[in-house]
Amino acid sequence: MDNISVKRKTMYEKNEEIDCIILDSDDSDHSAVTLKRKAGPSVESDDDTEPVKAPKRKRIERKNNLKNTKKVTKTTNSKTRLKVEIEQNNSKISDIDNQLNTDTSLKDEWSTYELLAEKEKLNCKTAETIIKLFEAGNTIPFIARYRKHLTNDMSPEKLRDVKESYEEICALKSKTATVLKTIEKAGKLSKDLKKCVLNCRSLPELEHIYAPFKVGGKRTLAERAKSLGLEGTAEAILTGSTNVNIEFLIKHDGPEGLRTVEEIEKNIMHIVAHNITTDTQVLTFIRNLRSNLFIKIESKRSSSLEKVKSSENISKFEHYFNFHISVNNIRPHQVLAINRGENLKILSVKVIVPDYAFHKFKQFCEQKWLNGSMKTSTRIRIFQESLKDSYKRLICPLIVRQTRAELKANAEKASIDVFTMNLKKLLLGTPLKGQAIIGIDPGFSLGCKLAVISPLGDVLDTGVIYPHTKKSSNKDQNLVKELLIKHNCTLIALGNGTACRETEKWITDLIQSKFFQPLDVRCTIIDEQGASIYSCSPEAKKEFPNLDALVISAASLARRLQDPLAELVKVEPKHLGVGMYQHDINKKSLESALDEVVSECVSFVGVDLNTASRCLLKRVAGLSTQRTDNIIKHRTKHGPFTNRYQLKDVKGIGEKIFEQCAGFLRVGPLNAKDSYEFYQKPDTMPLDCTWIHPESYDLAEKIMNKFNLYYKHIGLPKFITSFKSAIGNLSVPQLAIEFKASETTVKLITDVLSRPLDHDLRQENPQKPLFRTGITSMHAIKPNMVLTGRVTNCTHFGAFVDIGVGKNGLIHTRSMKGMIIELGDRVEVKVLSIEIDRGRIALEPIQKI
C-alpha cells in the first residue's frame with residue numbers, strides 16, 4: 001500500500017466544523033499512517049516507525065459525514081483543490097476509516113485452516129474442507145476411500161499427517177486461550193501483548209511469550225525493572241517519542257536500581273530487550289530468518305562421561321563423540337541418537353547460530369525503531385546495548401530452542417512414519433489361506449510346543465517335543481511326521497525366539513534326509529514379536545480356554561502365516577517390533593499413529609460381518625469396543641446378518657456410524673458353496689460383499705443398467721467379462737459426467753464390478769514367505785558370500801535382513817545402489833563384512849527375488 005499523510009483542515013459549512021483529509025500517495029509502504037493534530041496523547045503506528053497522534057472519537061465519526069457531503073463551499077482555490085482530492089480518493093478514505101475504527105490487535109493473526117495449509121503445503125480450500133470433514137466425525141479410512149473427490153485424492157498417509165497437524169493447531173489454540181485468560185486474570189494483558197500472543201504459530205513461541213507471566217514463576221529482569229516504574233521511560237527510548245534525561249530519574253535514597261545512572265540504564269535495557277523480543281513483527285522476522293540460516297549442531301563426548309556405568313551404552317554413541325552437521329542435512333535417526341546420548345549424560349550437544357543472524361536482527365530492529373524517529377546519543381547507546389542483550393540473552397536461545405524442538409518433532413514424525421510404513425507392510429502380508437499349517441514355538445528345557453491349524457484357522461492337534469535335551473529320541477521326529485501326514489500338512493511355521501536356530505537345523509536335516517516323504521515339507525521363520533504377550537492375554541484365554549499359553553503361542557504363529565492381518569491385530573502394534581528408537585518417541589503420538597494404520601489396513605481389506613473376531617471388528621473405522629460387543633450380541637441373538645442395513649438395528653450404531661463403517665463390512669454367505677441360495681433371498685445384495693458404499697448403490701445400479709447387467713450376478717465370471725467388454729470404450733470421466741457423479745466414486749464402482757466378490761487387495765502385491773531348505777551359522781559365512789533373506793525392518797539408515805544365521809544383517813543406505821527395499825521383501829544379498837564380536841553383518845543387495 002501507499003504511504004498516506006492525513007492532514008487536518010478546518011472548514012465551515014452551516015456553522016459546523018468538519019475534519020477534512022488530504023491523501024498524498026506515493027510508492028512506499030502503506031503501513032505507516034501519520035495523523036497530525038495540535039494536541040492529544042501519542043500512540044504507535046502499525047509498524048512503530050513514526051509517532052501517531054490519537055484522534056478524538058467524535059472527529060473519527062464525522063469522517064463518515066464527510067464522505068456523504070455532496071458539496072463543499074468554494075471560498076478559496078485551496079478548498080476547491082481539497083474537494084477534488086477527496087472525491088478522487090474516496091475509497092482510500094474508507095480504508096483509513098476501517099483502520100482507525102477497527103481494533104485489529106484483538107483479532108486472531110491466523111485462522112486454523114490458513115495455518116494448516118501453511119504447515120502441510122495445501123491450498124486453503126482443501127485445508128478448510130479437510131477440517132470440516134474431521135470436525136464432522138469422519139475417519140481417515142472413510143475419507144481416503146469415499147471422499148477422495150473432496151481432498152484431491154489424498155492418501156491415508158498424508159491425511160494422517162494433516163490430522164496430526166490439525167490436532168497440534170487445536171492444542172495451540174487451546175493453550176493460547178489459557179495463556180490469555182491467565183495473563184488477563186493477573187491484570188497484565190494489554191492490547192499489544194494480546195496481539196503478540198495471538199500471533200504465535202507454535203507452542204515454543206507461545207511459551208517464550210508466556211514465560212514471564214507464569215503463576216509462581218521467578219520474576220524476569222524486565223518484570224523487576226518495570227516494578228521500579230521505568231516502563232514508560234523504556235518505551236520512550238524504544239520508540240523515540242520523547243527525549244529522556246536519565247539523571248532526572250535518580251533517587252539516591254530510593255530502592256536499589258534507581259540510585260545511579262548505571263543502575264537505571266541497566267534496568268531500562270532489560271525492559272527494552274524484553275519489548276523487542278516479544279514484539280509481533282520481530283517474532284515473525286525471526287521465524288522467517290531461522291528458516292534461511294545455516295545452523296549447525298555439534299555433539300561431543302560429555303565431560304561427565306565417567307559417571308556413566310554402562311560401557312555398552314557408551315560404545316553405541318562413539319560415532320557422535322566428535323560430530324557436527326548442518327541442521328538441514330541431519331538425519332532423523334541421528335537426531336534421536338543425539339538426544340538419547342544427551343539424556344544419558346554421554347554426549348554434550350551445542351547448536352551454533354551464525355553471526356549473520358545477529359546482523360540481520362540488528363538491521364531489522366534499527367529500521368523499525370530508529371528510522372524516522374528522534375535520535376539522541378543516550379537513546380542510541382541504550383538502544384544498541386539493549387539490542388545486544390536481547391539477542392544474546394533472549395533471541396539466540398529462542399532460536400536454539402525452536403531449532404531443537406523442530407528437529408525433535410521432525411525426527412519423531414519421520415520415525416513414526418517408518419513404524420507405520422513397516423506395520424502396514426507387515427499387516428498386509430499375503431495370506432496363505434486354504435492350507436493346514438503346523439506352528440512350532442521353539443524352546444530348550446521346556447521343549448518345543450506344536451499346534452496344527454485347519455485351513456480355516458481352527459486348532460486341530462497339539463503336542464510337545466524335546467529335540468534339544470537328553471529326552472530327545474526318535475519319538476520327537478516321528479510325532480512331527482505323524483501330525484503332518486494325519487492332517488495333510490506341508491507347511492511349518494517356526495517362531496524366531498529361543499532355540500529357533502537349533503530347531504531350524506533339526507527340521508532342515510529331516511527335510512534334506514527326506515524323512516517326511518511322501519510330503520514335500522517346507523519351513524519358514526515367523527517373527528514372534530508380541531506372540532507371548534497375546535498368548536497370556538484374556539482374549540487368548542477366552543479363545544483357547546483349555547490350552548497352555550505356549551501352545552496358544554504356537555497356534556498364533558501358524559495363524560500369522562495363514563492370515564497375518566487377522567492374527568496380528570490381536571497384539572498391540574507397539575509390541576510388533578517394526579521400528580527403531582521406540583522409547584525416544586512420544587508414546588501417545590506413536591500409539592495413535594499405529595492404531596490409525598491398523599484401522600486403515602483392516603478397513604481397506606474388509607471384514608466379514610458374520611465371522612470376524614472381536615479383535616478384528618473393533619479395528620474397523622467407526623467401530624468401538626462397545627459397538628463391536630453389541631454387533632456380536634446381535635448376531636448371536638438374531639443369527640447372521642443378511643445385509644448391511646441391518647447394522648442400524650444394532651444398539652449404538654446410528655446414521656453417522658453406519659456411514660463410516662458400512663463400506664468396510666462385508667455381508668455374504670457363510671460358505672462359498674451356498675452363494676446361489678444365499679443371493680436368491682429378497683433381502684440380500686451382492687453389493688454388500690464389495691467395497692462399494694451403500695450411499696453409491698443407486699449409482700452402481702444405474703451403471704449396470706446402462707450395460708443391461710443384473711446386479712444379482714455381480715462377481716460371476718460371465719458378469720465380469722461382459723462388464724469389461726462394455727466398459728472398454730468408455731472412460732471414467734465420461735461416465736462421471738453422464739451420471740453427474742465424482743470421478744473417484746465412478747472409478748471405485750467400475751473397479752469393483754470388474755473383480756470377483758472374494759477379491760483380496762493383499763493378493764495384488766504378494767509377499768511370499770521365505771521357505772528355507774538349508775541353514776548356516778554366523779561363523780560359517782564369509783565376505784563376498786551370496787545369500788538370500790527376508791527384510792524384517794526398515795529404518796532411515798538402512799534395512800535389516802534375516803539371512804538365517806541368528807543375527808540380522810544390515811544393508812546400509814549407502815549400499816542400496818538406488819534399490820527400493822521394503823519390509824517383507826525377499827532379497828539376494830552379498831556379504832560385505834562380519835564383526836562376530838559385535839554381532840554385525842554388513843550386506844549389499846544384489847536383486848529382489
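Residues are numbered from 1 along each chain as its sequence is written, and side-chain values use heavy atoms, with hydrogens and water left out. Because the model is predicted, local features need pLDDT of at least 70 and side-chain atom pairs count only at pLDDT 80 or more, while totals for chains, interfaces and linings use all residues.

Start with strand β9, residues 437-441. Five of the five residues of β9 are buried, where buried means under 20% relative accessible area, exposed means over 50% and partly exposed lies in between, with a 1.4 Å probe and protein chains only. The cover is on both faces: I437, G439 and D441 sit on one side, with I438 and I440 on the other. Two strands count as paired if DSSP finds at least two bridges between them. On that basis β9 runs antiparallel to β10 (residues 448-453), joined by five bridges, and I437 stands opposite I453. The β9-β10 hairpin has six residues between its strands, and G447 takes a positive phi near 85 degrees there. Strand β9 also runs parallel to β12 (residues 491-495), through four bridges, and I438 has I492 as its bridge partner in that strand.

Further along comes a barrel, closed by five strands in the order β17-β18-β19-β21-β20 with mixed pairing. Neighbouring strands in this sheet are turned against each other by 50 degrees on average, direction ignored.

What about the cores? A nonpolar core is a set of buried Ala, Val, Leu, Ile, Met, Phe, Trp, Tyr and Cys residues joined through side-chain atoms within 4.5 Å. The largest one has 128 residues, and L623, I631, L665 and I803 have the most contacts inside it. Helix α24 (residues 587-605) gives the most to this core, with nine residues. Contact means heavy atoms within 4.5 Å. Leaving out residues up to four places away in sequence, I631 touches L609, L617, L623, F641, L647, V650 and I653. A second, separate core has 58 residues, V244, L293, F358 and Y391 among them.

Helix α24 also packs against α7, at an angle of about 145 degrees and with the axes 11 Å apart; axes are lines fitted to C-alpha atoms over the stretch in contact, and angles run from 0 to 180 degrees between N-to-C directions. From α7, P156, E157, R160 and K163 make the contact, and from α24, A593, E596, V597, E600 and F604. These residues divide into four nonpolar, no polar and five charged. One of them, E600, is buried at a relative accessible area of 1%. Beyond its neighbours within four places in sequence, E600 is in contact with P141, P156, E157, R160 and K424.

Helix α9 (residues 203-210) has E205, L206, H208, I209 and Y210 buried. The cover over these residues includes α7 (156-185), α8 (191-199), α12 (261-277), α13 (280-290) and α17 (377-427).

Definitions and conventions:
Helices (H or I, at least four residues) and strands (E, at least two) are DSSP runs, numbered from the N terminus. Ala, Val, Leu, Ile, Met, Phe, Trp, Tyr, Cys and Pro count as nonpolar, Asp, Glu, Lys and Arg as charged, and the others, Gly among them, as polar.
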